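Work through these exercises with the model open. Try each task before you read its solution.

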Amino acid sequence: MHKLTFLVILLIMGNKTVAQVNYPDAILPTDTPVFFAKGLLTDGLSNRDFAISPNGDEIFYTLQQPRFVTSTILHLIKKNGKWGKPQVAQFSGRYKDLEAAFSPDGQTVYFSSNRPTANNPTKKDFDIWRVKHKPNGTWTEAENLGPIVNTDKNEFYPGITRSGNLYFTVEADYGKGSEDIVICKPNVNSGFNKPESLPEDVNTKYDEFNAFVDPDEQFILFSSDGRPDNLGRGDLYISRKDKTGNWLPVKHLPAPINSGAIDYCPFVSWDKKYLIFTSSRLNKDLTNDKPNSYLQLKALLSGAGNGWDDIYWVKFNPDW
């Protein structure tokens, strides 16, 4: 049973009201990453990516079968101060869906899916889709963002900012590497303008993917695989904007944020206190060369830290 703290504090930040909500976890993180909501969201299954609504009453994350056999967006709702258990999201469960992200007003959720479109009933690649909250709390039918945003290759990990800029990962011929992070600026006539690849240093000849962009676009957190300073199969990097709005050279987040495993799917809480991310790092009890009994091994291999994806959180450091 998880102890939950239900106090909601409204903080006024400039002209923005940010709902600060204690998460479904008894212990807040420090400077060392720990499992997020162990036993609830981090339970030994392959769980990845994370988003919480701006007012703190909904959580989305993805449950995947290893080797990507299945991929389903799960949904938690907090009612009367209590978090419910994970359920399959209303708009997921039939196709491969992943990487849900809230709009800053909390009314729209963007996600990636390989579901077919009306014009392509045999579609297999992944596109960016969105659903909107109805007044009764349910969701609209999923809407494909169309051919300006989506192509016949994969689009992943969407994020929308207060300005209406849409960021996501593409596998595109115009990219600097096999995966790039792009921006689509809003267009009053067509929804979005054509994707633009982010500049050199964010995008390189290596793979850049899964970017979390600050809603006010002051920083970007993303994963990259192949850079000389990589510790594992993908590490987290951050870039901030200068006073003229240009992205500064990226910084490699330090260990133990990054590890010898893949570290990706970053999300920063709306109050910018916590970084929540996905990692496949192993439980140290599996790698410390100490003998384990069969029951010990069974418990380790069926729990968090068994080498599948887990969700971690850590204090967000504004000096990164």
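**Exercise 1. A residue in a loop**

Between which two strands does the loop with lysine 205 lie? Then decide whether lysine 205 is buried, partly exposed or exposed.

Solution. Begin with the ground rules. This is a predicted model, in which local features need pLDDT of at least 70 and side-chain atom pairs count only at pLDDT 80 or more, while totals for chains, interfaces and linings use all residues. Residues are numbered from 1 along each chain as its sequence is written, and side-chain values use heavy atoms, with hydrogens and water left out.

Step 1. Find the strands. Helices (H or I, at least four residues) and strands (E, at least two) are DSSP runs, numbered from the N terminus. Lysine 205 lies in the loop between β18 (196-197) and β19 (207-213).

Step 2. Check the surface. Buried means under 20% relative accessible area, exposed over 50%, and partly exposed in between (1.4 Å probe, protein chains only). Lysine 205 is exposed because its relative accessible area is 65%.

Step 3. List the contacts, meaning heavy atoms within 4.5 Å. Beyond its neighbours within four places in sequence, lysine 205 touches Lys176 and Gly177.

Step 4. Compare sequence and space. Lysine 205 and valine 268 are 63 residues apart along the chain, and 26 Å separates their C-alpha atoms.

**Exercise 2. A residue in a strand**

In which strand does leucine 63 lie, and what does leucine 63 touch?

Solution. Step 1. Leucine 63 belongs to strand β5 (residues 58-64).

Step 1. With a relative accessible area of 25%, leucine 63 counts as partly exposed.

Step 2. Residues up to four places away in sequence are not counted. The contacts of leucine 63 are then Leu45, Ser46, Asn47, Thr70, Ser71, Thr72 and Leu74.

Step 3. Now look along the chain. Aspartate 309 is 246 residues from leucine 63 in sequence, yet their C-alpha atoms are 9.3 Å apart.

**Exercise 3. Strand β20 and its partners**

With which strands does β20 pair, and over how many bridges?

Solution. Step 1. Two strands pair if DSSP finds at least two bridges between them. Strands of a sheet pair through backbone hydrogen bonds, either parallel or antiparallel.

Step 1. β19 and β20 are antiparallel and share five bridges. Here valine 213 has isoleucine 220 as its bridge partner.

Step 2. Look at the turn. The hairpin of β19 and β20 has five residues between the strands, and among them glutamate 217 takes a positive phi near 60°.

Step 3. β20 also runs antiparallel to β21 (residues 235-240), with six bridges. Phenylalanine 222 is the bridge partner of tyrosine 237 in β21.

Step 4. Check the cover. In β20 (residues 219-225), six of the seven residues are buried.

**Exercise 4. An aromatic pair**

Is the pair of phenylalanine 212 and phenylalanine 219 stacked, tilted or edge-to-face?

Solution. Step 1. Rings of Phe, Tyr and Trp (its six-membered ring) pair if their centres lie within 6.5 Å; planes under 30 degrees apart count as stacked, over 60 as edge-to-face and the rest as tilted. The whole structure has 21 aromatic pairs.

Step 1. Phenylalanine 212 and phenylalanine 219 lie 6.2 Å centre to centre, with 35° between the planes, and the pair is tilted.

Step 2. Both phenylalanine 212 and phenylalanine 219 are buried. They share one aromatic cluster with residues including Tyr23, Phe36 and Trp313.
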